[in-house]
Amino acid sequence: MWTSKSIVTPLRTPGLQRLPYEIIAYIVKYLDIDDVFMLSLCSHHFQYLVREERFCKTLINMKAPYTMEAGEAQRSGQFARALRRVAKRRLALSQASPYVVGIVGLADSYEYIHGILCYIIEARPQRWLRILDLHASASHELVIDIPALIREAVPRSAKSRKYKFRVLYHSNGITSCLFSFALPTTENWLLVFQAEEKKIVALLQLDSTARIFVRNNEDFLYFGTHSEEGADGFKYWVLTGFSIKDSTWFPQKMHLTNVVGYDIGTTVCFEIIDDYFYGLSNQTDFEFRETDWVSYYHCFRFPLHDPDRKNTQTMHKDDSWRRKHAEGPIDDRWGFLKLEKDEATGTINIVESRKEWLVGKSGSRRTYYTTEVFFKNSKPVCEDALQSAVQPATVVNGRVIRPIRVGNNAVDSYIPPRPPENVHPGDDSSTTPVFTRSQTHLRSYHRSSNTFLDLVDDTSGGSIGRHLRLRTGYRKPKHRNFDNMDLQQKSPQPLETSLESSENIDFDEVLGELYHPNEIRFWPPGRYHNQALLDKIYAVLNPPGYQGSITASSDERSLVYATGEDTQGLQVLVYISFDPAARLCGMLREGYILGENISSQHNEMTSQGYLLGADAGGTTKRFESFMTDAKGKGKATGDTSLPSYIANPPAPEPVSEEDCKPWAWLERAMYQDLTGKLFTFAH
């Protein structure tokens, strides 16, 4: 006789969670770091994707080997931490949700270079230069007594009661400054020193300071001036090099007669990357052409150890095409130009922003263009070869995309294509609210995040006085849906986008098929459930009583801006960081303020929390739920404890008064005395 027994059916692990480690590793190989991070949030089964050191080491070396996080991981071995930092930094930028905001100092002038804040305080007769490493979250800063420094460098300048002192550049612990005094005629000196070692590296009296700039690494230093007058009456750039190890100036100068333009950051750009000095200009002719001109970039490089024309490489014309006059006029006030290294491949890219009135469009639009820097060793290709060359196709999201040609004018003998991934249309006249150039104090583009970032004065809500906010625009690639396609449709089909084959192909239509519209976000949001905290943040971004002009600088993970002047002429320095590992002493943690999505395709306010992923059971989680501890309890208001992955800042090295020269010493950072002015939103 059979007896019935209750049979317990074991729960099966659904979906991807059943796949073995090796298969998941193969899938992840085709995902971006951002997608890997989002996948890890879907279920605790996938936490090893961002926790297991060997797995994360492979991902970092494959996806982001040229990031600052990867360099630190190579030294510390913490690759999982590096992967999470990269992913969270990019996510924070794209969603306008910084991790740190606060006031870090008061100054008469400042420079923010590669995460190092150099700011000068003038309390005559005393003047101090303070150097703070914000990327390293330093708790102490170097202080330089400027009068004592210049007395040691140029002793006879002590007789002059009036002088000017300005920071030009800082890198690898080396600071370059311009020192000017009159006794009785004006003398200009380039002063280079290492404050940590209390050592004057170089000193040179200058013939000219016109548009002076400095670039250096740990071995070489170059400075340039826009001072050489040619036979045609135009001025050109002149470069002078210095070997830091040998403490000698190079005997020959580099005369850049082919570099047109004088506004650094807008029409010209100079950088030291790896072992080369790079120069870039978006102009090729001093004479203004009214019609039918074609613009090219002029980009060159030479090895730092040998500044010689014979060793100079220049981009060929077929690789450096920029734009055509027929595309429409440009508003030069909005443009910027820079060179940067790709975080994944290490290639050098030209990044340019232009506001254009494009042909066939009703208004103006800002667009961000990327061009890879490529130097050929062979001779230039002839024009006939260029016309007959077959342009390669690229695969984007499973689709074979032909490069897009712009222009259909018979005058164009050859118009190189623009790959869709290298063109990011920004805001235009239809994007609301609209900001004028005087209301936009910072303009930057972050290619690794597909995001443009602005610092704007937003008075659209009827606010009285200054109302500074961050604005970002993020575009996300579209993913093809194969569920409702037959087998023939699933095979990639070429998209002919050349105007020779079809006059109906529109550039914006092609981009619309590949990418979602920009998600426009603002931070801080317009409203928040903790209004008291929101008011504190706005008070930090818009300090009361400081209503003067604004200057701003940024890099790939942070920005610093100076707002206004008080009655004593001091400016407030505001620091905003998207690095989740940023940690400054005395930070307050009173809540989480996220970016506000105002895009037309999204109706929900992100200040109430926005979607990041799904848990193992398929339910949706909000962003704020990932900011709580393992028990699901949020941090208490006012709790200053921080996540364990944020390393403590290194303790300052003791400085012996006997060995220390009187012009440099280590001191507690000024921001530590500005209590209640630093906030963190790390999770």
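Are phenylalanine 277 and phenylalanine 302 buried or exposed? Both are buried. Keep in mind throughout that this is a predicted model.

I will go through the aromatic rings. Searching the whole structure gives 26 aromatic pairs. One of them joins phenylalanine 193 to tryptophan 663, in an edge-to-face arrangement with 5.8 Å centre to centre and 80° between the planes. This pair links distant parts of the chain, the two residues being 470 residues apart. Phenylalanine 193 belongs to strand 8, residues 186-194. Tryptophan 663 is in the loop between strand 36 (620-622) and strand 37 (664-668). Phenylalanine 193 has 0% relative accessibility and the cut-off for buried is under 20%, so it counts as buried. Tryptophan 663 is also buried, with a relative accessible area of 0%.

Back to the residues I opened with. Phenylalanine 277 and phenylalanine 302 form a stacked pair, 5.3 Å centre to centre, with 20° between the planes. Here too the pair links distant parts of the chain: phenylalanine 277 is in strand 16 (residues 276-281) and phenylalanine 302 in strand 18 (residues 298-303), 25 residues apart.

Both rings also belong to a cluster linked by ring pairs. Its members are Phe213, Phe220, Tyr222, Trp237, Phe250, Phe270, Phe277, Phe300 and Phe302.

Last, charges over rings. Which ring does the charged end of arginine 301 sit over? That of tyrosine 276, at 4.0 Å from the ring's centre. Arginine 354, in turn, lies over the face of tyrosine 369, 3.9 Å from the ring centre.

Technical notes: Residues are numbered from 1 along each chain as its sequence is written. This is a predicted model: local features need pLDDT of at least 70, side-chain atom pairs count only at pLDDT 80 or more; totals for chains, interfaces and linings use all residues. Side-chain values use heavy atoms; hydrogens and water are left out. Rings of Phe, Tyr and Trp (its six-membered ring) pair if their centres lie within 6.5 Å; planes under 30 degrees apart count as stacked, over 60 as edge-to-face and the rest as tilted. Helices (H or I, at least four residues) and strands (E, at least two) are DSSP runs, numbered from the N terminus. Buried means under 20% relative accessible area, exposed over 50%, partly exposed in between (1.4 Å probe, protein chains only). A charge sits over a ring if NZ of Lys or CZ of Arg is within 6 Å of the ring centre and within 35 degrees of the ring normal.
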